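Visitor: I am new to this structure and would like to learn how to read it. Could you walk me through it, feature by feature?

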Amino acid sequence: MQTAESQQVIKRFFEALYALKERKIIRGKQTFTNMYGINRWNMNTLEKKPEKDIFQVAWLTYLVKDFNISPQWLLTGRGDMFQR
């Protein structure tokens, strides 16, 4: 079971994915899951039930390293979503 704080991080993770899609940086979740070998069904389940213990911390690193998402924003919700 994820803590309430962990669930907020997971929600920001999905918010970032949708922002990347909106900016046409990725086509959608399937693009992301294919890039990193993530089970798409697990990700879909997690989006609906963020309390599930299937989130992998490495998924955050992909957003930070490869898509310029702010680690501070991902972890705390403070600042801008994208790094400058």
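Guide: Gladly. Let us begin with charges and rings: a charge sits over a ring if NZ of Lys or CZ of Arg is within 6 Å of the ring centre and within 35 degrees of the ring normal. Here, Arg40 lies over the face of Trp41, at 5.0 Å from the ring centre. Over the ring of Phe82 sits the charged end of Arg23, 3.9 Å from the ring's centre.

Visitor: What should I know about the model and its numbering?

Guide: This is a predicted model, in which local features need pLDDT of at least 70 and side-chain atom pairs count only at pLDDT 80 or more, while totals for chains, interfaces and linings use all residues. Residues are numbered from 1 along each chain as its sequence is written, and side-chain values use heavy atoms, with hydrogens and water left out.

Visitor: How many aromatic pairs does a search of the whole structure find?

Guide: First, the rule: rings of Phe, Tyr and Trp (its six-membered ring) pair if their centres lie within 6.5 Å; planes under 30 degrees apart count as stacked, over 60 as edge-to-face and the rest as tilted. The search of the whole structure finds nine aromatic pairs. One of them is edge-to-face: Phe13 with Phe32, at 5.8 Å centre to centre and 70° between the planes. Phe13 lies in helix 1 and Phe32 in helix 2 (residues 29–36), so this pair ties together parts that are 19 residues apart in sequence. Helices (H or I, at least four residues) are DSSP runs, numbered from the N terminus.

Visitor: Are Phe13 and Phe32 buried or exposed?

Guide: Buried means under 20% relative accessible area, exposed over 50%, and partly exposed in between (1.4 Å probe, protein chains only). Both Phe13 and Phe32 are buried. A stacked pair is formed by Tyr36 and Tyr62, with 4.0 Å centre to centre and 5° between the planes. Tyr36 belongs to helix 2 and Tyr62 to helix 4 (residues 58–67), so the pair ties together parts that are 26 residues apart in sequence. Tyr36 and Tyr62 are buried too.

Visitor: Which residues form one aromatic cluster?

Guide: The cluster is made of Phe13, Phe14, Phe32, Tyr36, Phe55, Trp59, Tyr62 and Phe67.

Visitor: How do I read the two sides of a helix?

Guide: Look at where the buried residues point. In helix 3 (residues 40–48), the buried residues are Met43, Asn44 and Leu46. Seen down the axis of helix 3, they fall within an arc of 160° (the arc of the directions from the helix axis to the C-beta atoms), so they line one face of the helix. The face turned away from that buried side carries the exposed residues Trp41 and Lys48. Helix 1, helix 2 and helix 4 are among what covers the buried residues of helix 3.

Visitor: How many salt bridges are there?

Guide: A salt bridge is a side-chain nitrogen of Lys or Arg within 4 Å of a carboxyl oxygen of Asp or Glu. By this rule there are two salt bridges. In one, the side chains of Glu47 and Lys29 meet at 2.5 Å, N to O. That pair links distant parts of the chain, with Glu47 in helix 3 and Lys29 in helix 2, 18 residues apart. Glu47 is partly exposed, at 27% relative accessibility. Asp80 and Arg84 also meet in a salt bridge, at 2.6 Å, N to O. Asp80 is partly exposed at 41% relative accessibility, and Arg84 is exposed with a relative accessible area of 88%.

Visitor: What is the nearest side chain of opposite charge to Arg12?

Guide: For charges, Lys and Arg count as positive and Asp and Glu as negative; His and the chain ends are not counted. Arg12 is in helix 1 (residues 4–22). Arg12 is buried yet has no salt bridge, and the nearest side chain of opposite charge is Glu15, 6.7 Å away. Contact means heavy atoms within 4.5 Å. Leaving aside neighbours within four places in sequence, Arg12 is in contact with Trp73, Leu74, Leu75, Thr76 and Gly77.

Visitor: And how do I read phi?

Guide: Most residues other than glycine have a negative phi. Lys24 has a positive phi of about 60° although it is not a glycine, and Lys24 is found in the loop between helix 1 and helix 2. Asn68, also not a glycine, has a positive phi near 65°.
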